[in-house]
Amino acid sequence: MTDPFAQGLDPKRVLCLITGRWTPADYRAYQKTKHWQRVRDAALRRSGGECEACGRKTRLQVHHKKLKGAYKRLFREREKDVAVLCSRCHKRMD
Ligand SMILES: [Zn+2]
Ligand SMILES: [Zn+2]
């Protein structure tokens, strides 16, 4: 279990991220946490290092799906909350 307050972020920022009232700057800070690195690495392993939409193996990014409140589960993502996408497919999804 991740302790959101033990990720080296400003506690105010953590509250924004937990309550879903974050700004793009908060989200960028989130992406630098150890927690996100773990979620990211696990997603890349699961996908076999391929874009889950087109199979490309380059410029991969890990995307929070917007369906079913995935953005509301920052710090406690479920496996299916994230998808591995290449930058091209990612642009289409966001
Ligand atoms: Zn792709
Ligand atoms: Zn995305």
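Good morning. Please keep in mind throughout that the structure shown is a predicted model.

I shall begin with the overall architecture. The protein chain contains four helices and two strands. If we follow the sequence, these elements come in the pattern α-α-α-β-β-α. The radius of gyration of the protein chain is 13 Å, close to the 12 Å that the globule rule gives for 94 residues, so the chain is as compact as a globular protein of that length. Along its principal axes, the C-alpha trace spans about 40 × 25 × 20 Å. As for burial, 21% of the 94 residues count as buried. Among contacts with a separation of 6 or more, 55% are between residues 24 or more positions apart.

Let us turn to the two strands. How do E1 and E2 run, and how many bridges join them? They run antiparallel, and five bridges join them. Within this pairing, Leu-60 stands opposite Cys-86 in E2. Strand E2 is mostly covered, with four of its five residues buried.

This leads to the interior. In soluble globular proteins, nonpolar side chains tend to be buried together. Here, the largest nonpolar core has 17 residues, and those with the most contacts inside it include Leu-17, Tyr-30, Ala-43, Cys-51, Val-82, Val-84 and Leu-85. Which elements each supply at least two residues of this core? They are helix H1 (11-19), helix H2 (24-30), helix H3 (34-46), strand E1 (60-64) and strand E2 (82-86). The largest share, four residues, comes from E2.

Leaving aside neighbours within four places in sequence, Cys-51 is in contact with Arg-56, Leu-60, Val-84, Leu-85, Cys-86 and Cys-89. Two of these names have already been mentioned: Leu-60 and Cys-86 are the residues that stand opposite each other.

Is Gln-7 buried or partly exposed? A residue needs 20 or more C-beta neighbours within 10 Å to count as buried. Gln-7 has 18 inside 10 Å, and therefore counts as partly exposed. Beyond its neighbours within four places in sequence, Gln-7 is in contact with Thr-33, Lys-34 and His-35. Gln-7 and Thr-33 are 26 residues apart in sequence, yet 5.9 Å apart in space, C-alpha to C-alpha.

Thank you for your attention.

Methods. Residues are numbered from 1 along each chain as its sequence is written. Chains are lettered from A and ligands numbered from 1 in the order in which they are written. This is a predicted model: local features need pLDDT of at least 70, side-chain atom pairs count only at pLDDT 80 or more; totals for chains, interfaces and linings use all residues. A nonpolar core is a set of buried Ala, Val, Leu, Ile, Met, Phe, Trp, Tyr and Cys residues joined through C-beta atoms within 7 Å. A residue is buried if 20 or more other C-beta atoms lie within 10 Å of its own, exposed if 12 or fewer, and partly exposed in between; C-beta atoms are placed from the backbone. Two residues are in contact if their C-beta atoms, placed from the backbone, lie within 7 Å. The radius of gyration is taken over C-alpha atoms; the globule rule is 2.2 Å times the number of residues to the power 0.38. Two strands pair if DSSP finds at least two bridges between them.
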